[in-house]
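Student: I have a structure open and want to go through it bit by bit. Can we start with what sits inside?

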Amino acid sequence: MVLLRLVRLLTRPFFAGRQIWLIGERTDTAQDNGLHLFKHLRKTHPKRRVYYVIDRSSPQRDRVAHLGNVVDHSSLRHQVLMLHAGVLANAYSIRYLTPTPWGQESYVRHLAWRIGALRVYLKHGVHLNPNAFKRGLSGYDMVLTVMSRESEALRAVSGYDRQIHEIGMPRYDGLTPAPRSRTVLFMPTWRQYLVPRLSGRANPGQIPFEGSAYERFISGVLHSPRLLQMLEKYDYRLTFLPHYNMTAHFDRTLAAAGRIGVADTNLTSFQELLRTCDAFLTDYSSVHFDVAYLGTPVIYARFDEDDYEAGHASASWFDYERDGYGPVTHSVDETLDALEHLLERDCAVEQMYANRVADSFTYRDRDNSARVVTAIDELERRR
């Protein structure tokens with residue numbers, strides 16, 4: 001850390017008057033709000049010194065490489081830019097922008113406050129559980145939200161107030177309707193009590209994946225003869241997209257008779273999967289806001305509600321029965337009933353749910369990235 005402070009001092013004259021923005025997601029991804037904000041900046045502000053940080057070996061690097069100003073994570077260039085960055089913007093956590101050799105704790109203790117970069121949380125979804133997001137643990141200068149009730153919930157419990165900017169998320173700019181694909185996208189979220197911590201140590205209360213309610217439900221849906229018959233009858237396919245943290249438990253052997261397949265976001269971008277599906281089946285994933293933004297019908301399978309709220313996330317401000325954009329089910333049979341009802345209507349959205357979508361979002365346009373850039377610029381001016 002002492003050496004890095006010396007390097008920062010010696011290289012400061014080369015960065016005088018230059019405003020450096022570093023943008024990223026996870027170290028190996030380019031598919032979320034980081035990518036969309038970076039695309040916008042490179043297209044509309046090509047002279048700005050904005051850089052996207054990603055692993056050199058990432059299979060998703062090609063999605064951003066052609067835009068230029070792409071930096072290898074933890075490279076010497078990354079480290080020097082990090083010493084002079086005025087803005088750090090990430091969709092998951094600023095720690096993903098920290099060069100690996102530095103160590104997160106040492107960076108926070110000895111460098112972050114000296115550099116004083118604006119910390120922007122681009123997010124990777126609507127905050128359904130604000131109790132899990134605290135200012136004292138995250139310390140962002142700007143947090144994005146997309147609707148008034150989300151903002152109210154965060155202000156009530158997170159410790160954030162003026163840092164909250166209700167201006168949308170950059171990835172919403174890419175949510176343009178696509179031609180019908182006759183595809184149902186099945187995307188459950190993860191359970192922290194089924195996987196170890198990032199450090200590899202077991203989570204408190206961790207239980208085996210095999211035999212869990214989560215495993216039984218997903219297997220029950222994917223291997224259901226009724227599902228296959230239904231897809232054949234109405235000429236649809238079902239694509240299963242496991243959560244990033246749960247992919248180790250699933251493989252491509254789930255495919256059945258050409259009607260059921262497993263998505264690979266290294267081959268097909270996450271947002272392309274959302275844009276092209278005709279119906280969306282999930283449990284608690286906040287991605288349902290994205291597909292609702294598009295006007296795509298949703299089904300919520302809340303098959304383990306008590307376990308989820310006790311071991312993964314507290315009860316949300318969003319009531320799925322009252323606020324949701326589709327029917328709520330609690331078992332495999334109920335879920336297949338709701339799906340069949342939807343396929344019978346050729347995935348037409350019921351008016352009640354369309355009205356809820358219309359009343360939810362503060363903005364429903366393609367100017368989200370522009371608003372984010374304007375808000376960051378204004379915050380920089382005030383500082």
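Student: How many residues are in the largest nonpolar core, and which have the most contacts inside it?
Tutor: The largest nonpolar core of this predicted model has 35 residues. Those with the most contacts inside it are Tyr-172, Phe-280, Phe-289, Trp-317, Phe-318, Tyr-325 and Phe-361. A nonpolar core is a set of buried Ala, Val, Leu, Ile, Met, Phe, Trp, Tyr and Cys residues joined through side-chain atoms within 4.5 Å. Buried means under 20% relative accessible area, exposed means over 50%, and partly exposed is in between (1.4 Å probe, protein chains only).

Student: Which elements give two or more residues to this core?
Tutor: Helix H10 (270-276), H11 and S12 do. The largest share, five residues, comes from H11. Helices (H or I, at least four residues) and strands (E, at least two) are DSSP runs, numbered from the N terminus.

Student: What does Trp-317 touch?
Tutor: Leaving out residues up to four places away in sequence, Trp-317 touches Val-126, His-127, Leu-128, Pro-130, Met-147, Arg-149, Glu-150, Ala-153, Phe-289, Arg-322 and Asp-323. Contact means heavy atoms within 4.5 Å. Apart from this core lies another, of 33 residues, among them Val-221, Leu-238, Met-246 and Cys-347.

Student: Before I go on, what should I know about the numbering and the model?
Tutor: Residues are numbered from 1 along each chain as its sequence is written. The model is predicted, so local features need pLDDT of at least 70 and side-chain atom pairs count only at pLDDT 80 or more, while totals for chains, interfaces and linings use all residues; side-chain values use heavy atoms, with hydrogens and water left out.

Student: Back to S12. Which way do its residues point?
Tutor: In strand S12 (residues 298-301), Val-298 and Tyr-300 point one way, Ile-299 and Ala-301 point the other way, and all are buried.

Student: How many bridges join strand S11 to S12?
Tutor: Three bridges join S11 (residues 279-282) to S12, and the two strands run parallel. Two strands pair if DSSP finds at least two bridges between them. Phe-280 has Val-298 of S12 as its bridge partner. Between S11 and S12 the chain goes through helix H11 (residues 288-294), and this β-α-β crossover is right-handed. Right-handed means that, with the strands pointing away from the viewer, the path from the first strand over the helix to the second runs clockwise.

Student: And what joins S12 to S13?
Tutor: Two bridges do, and S12 and strand S13 (residues 328-329) run parallel. Tyr-300 has Val-328 of S13 as its bridge partner.

Student: Is Thr-335 buried or exposed?
Tutor: Thr-335 is buried, with a relative accessible area of 1%. Thr-335 is in helix H14 (residues 332-344). Beyond four places in sequence, Thr-335 touches Phe-217, Leu-281, Ala-301 and Thr-329.

Student: New topic. In what order do the seven strands of the open sheet come?
Tutor: The order is S3-S2-S1-S4-S5-S6-S7, and the pairing is parallel. The edge strands, each pairing on one side only, are S3 (70-72) and S7 (164-166). The twist averages 25° from one strand to the next.

Student: How many bridges are there between S6 and S7?
Tutor: Strand S6 (residues 142-145) and S7 pair over three bridges in the parallel sense. Thr-145 stands opposite Glu-166 in S7.

Student: Which strands does H2 touch?
Tutor: H2 packs on the sheet and touches S1 (20-24) and S2 (49-54), and its direction makes about 150° with that of S2. Axes are lines fitted to C-alpha atoms, for helices over the stretch in contact, and angles run from 0 to 180 degrees between N-to-C directions.

Student: At what angle do H2 and H16 pack?
Tutor: Helix H2 (residues 33-44) and helix H16 (residues 368-382) pack at about 80°, with their axes 10 Å apart. They are therefore roughly perpendicular to each other. Angles under 35 degrees count as roughly parallel, over 145 as roughly antiparallel, 65 to 115 as roughly perpendicular and the rest as oblique. His-36, Leu-37, His-40 and Leu-41 of H2 make the contact with Ser-369, Ala-370, Val-372 and Val-373 of H16.

Student: Last one. Where is Asn-69?
Tutor: Asn-69 lies in the loop between helix H3 (62-65) and S3. Its phi is positive, near 60°, in a residue other than glycine. At 23% relative accessibility, Asn-69 counts as partly exposed.
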